[in-house]
Amino acid sequence: MSTIKVGDILPSFSLPDENNQLIDVKNELVDHHLVIFFYPKDNTIGCTVEASEFRDNYHKFKERKTKIYGISSDSPESHAAFKKKCGIPYSLLSDKDQKVRGLFGIKPSLLGMLPGRVTYVIRKTGEISHIFDSQWRPEKHIGEAMTALSTIQLPMLWQTI
């Protein structure tokens, strides 16, 4: 299992969302950057904090033409309930067999007992521009993603001046 690194191209994958609709992430790159965050489990304290931080800042991502996707091994039905309970406006994708987690090379933490918590920022071109891996600081993932998006969009701002 190789690990995705900054500069790599986003691997192709499709997963069902909370409505059991298959999402092909490569199709989402056409007009948007992506933030994909892998998290351990719906309705746990850290995961609720992380998902809520992305929810509370969702408008900032929309302004930056960025789509957010959360991924865990929970079922689409669990995602639907979690999304409703927390008022999450973005899609949650179900990686029940953890094949996509394996495709990214995300290692478990806490002696292999918890699935890893990793956030990826992906340019419209499909290039991975930033990776943040922190199981124990779920609230930090939002700041890392926003900072990375700012550096992606900085060249665009200079082109308009």
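Biologist: Why is arginine 55 called partly exposed?

Modeller: Happy to explain, and please keep in mind that this is a predicted model. Arginine 55 has 27% relative accessibility. Buried means under 20% and exposed means over 50%, so arginine 55 at 27% counts as partly exposed.

Biologist: What makes the pairing of arginine 55 and aspartate 56 a salt bridge?

Modeller: The distance from N to O between their side chains is 2.8 Å. The cut-off is within 4 Å, so this pair qualifies as a salt bridge. Aspartate 56, at 43% relative accessibility, counts as partly exposed too.

Biologist: How do you know that lysine 5 and aspartate 8 meet in a salt bridge?

Modeller: Their N to O distance is 3.9 Å, and the limit is 4 Å, so the pair is counted as a salt bridge. Aspartate 8 is partly exposed, because its relative accessibility is 26%. Aspartate 97 and lysine 99 also form a salt bridge, with their closest N and O atoms 3.9 Å apart. Both of these residues are exposed. A search of the whole structure finds eight salt bridges.

Biologist: Why does valine 118 count as buried?

Modeller: Its relative accessibility is 4%. Buried means under 20%, so valine 118 belongs in that class. Valine 118 is found in strand S6, residues 118-122. Leaving aside neighbours within four places in sequence, its contacts include Ile36, Phe37, Phe38 and Ile106. The C-alpha atoms of valine 118 and phenylalanine 37 are 5.7 Å apart, although 81 residues separate the two along the chain.

Biologist: And serine 91, why is that one called buried?

Modeller: Serine 91 has 17% relative accessibility. That value is under the 20% cut-off, so serine 91 counts as buried. Serine 91 lies in strand S5, residues 91-94, and its contacts beyond four places in sequence include Asp17, Glu18 and Ile68. Serine 91 is also one of the residues lining the largest pocket.

Biologist: Which element gives the most to the lining of the largest pocket?

Modeller: Strand S4 does, with four residues. The lining includes His32, Tyr58, Lys62 and Tyr69, and about 160 Å³ of space lies in this pocket. The elements giving two or more residues to its lining are helix H3 (58-63) and strand S4 (66-72).

Biologist: How many of the lining residues are nonpolar, polar and charged?

Modeller: Five are nonpolar, three are polar and two are charged.

Note on methods:
Residues are numbered from 1 along each chain as its sequence is written. This is a predicted model: local features need pLDDT of at least 70, side-chain atom pairs count only at pLDDT 80 or more; totals for chains, interfaces and linings use all residues. Side-chain values use heavy atoms; hydrogens and water are left out. Buried means under 20% relative accessible area, exposed over 50%, partly exposed in between (1.4 Å probe, protein chains only). Contact means heavy atoms within 4.5 Å. On a 1 Å grid over the protein atoms alone, a cavity is a set of points where a 1.4 Å probe fits but cannot get out, and a pocket is an open set with protein on both sides within 12 Å along at least five of seven lines; lining residues have an atom within 4 Å of a point. Grid points are joined across faces, edges and corners, and a volume is the space filled by probe spheres set on the points. Ala, Val, Leu, Ile, Met, Phe, Trp, Tyr, Cys and Pro count as nonpolar, Asp, Glu, Lys and Arg as charged, and the others, Gly among them, as polar.
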